[in-house]
Amino acid sequence: MEDKAKFAQAADLKKFAFFGVAVSTVATLIAIIAVPLLCVHMQSVSTHLSEELMFCKAKNLYVKYVFFSILPI
């Protein structure tokens with residue numbers, strides 16, 4: 001009777017170990033894919049923000065030019 005209980009416990013532990021290995025493998029694969037994608041996305045957002053900042057600076061200079069050209073009138 002004791003042997004059957006040990007075999008049942010061993011079978012349960014095998015299932016638990018297999019589930020743990022499967023989850024860690026999936027998590028590792030997701031991390032391998034997600035981290036580079038996140039880096040590419042962050043670089044894209046940074047580039048877009050830099051372009052927007054340069055556009056705003058250019059418009060600001062133009063607005064200052066127009067303002068000071070109209071001011072003496």
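Does Phe68 count as buried or exposed?

Analyst: Phe68 counts as exposed, because its relative accessibility is 52%, and exposed means over 50%, buried under 20% and partly exposed in between, using a 1.4 Å probe and protein chains only. A word on the source: this is a predicted model, in which local features need pLDDT of at least 70 and side-chain atom pairs count only at pLDDT 80 or more, while totals for chains, interfaces and linings use all residues. Residues are numbered from 1 along each chain as its sequence is written, and side-chain values use heavy atoms, leaving out hydrogens and water.

Phe68 has a partner. A search of the whole structure finds one aromatic pair. Phe67 and Phe68 form that pair edge-to-face, with 5.4 Å centre to centre and 70° between the planes. Here, rings of Phe, Tyr and Trp (its six-membered ring) pair if their centres lie within 6.5 Å; planes under 30 degrees apart count as stacked, over 60 as edge-to-face and the rest as tilted. Phe67 counts as partly exposed, because its relative accessibility is 48%.

Now for the setting. The protein chain has one helix and zero strands, where helices (H or I, at least four residues) and strands (E, at least two) are DSSP runs numbered from the N terminus. The radius of gyration of the chain is 31 Å, well over the 11 Å that the globule rule gives for 73 residues, so the chain is more spread out than a compact globule. That radius is taken over C-alpha atoms, and the rule is 2.2 Å times the number of residues to the power 0.38. Along its principal axes the C-alpha trace spans about 105 × 15 × 5 Å, and 0% of the 73 residues count as buried.

Helix α1 covers residues 2-70. A search of the whole structure finds one salt bridge, in which the side chains of Lys6 and Glu2 meet at 3.6 Å, N to O; the term means a side-chain nitrogen of Lys or Arg within 4 Å of a carboxyl oxygen of Asp or Glu. Lys6 and Glu2 are separated by about one helical turn because they are four residues apart in helix α1.

Finally, the record: an unreviewed UniProt entry annotates residues 16-40 as "transmembrane region". UniProt positions follow the numbering used here, feature names are shortened, and annotations may be inferred rather than shown by experiment. Over residues 16-40 the chain is 100% helix and 0% strand, with the end C-alpha atoms 36 Å apart.
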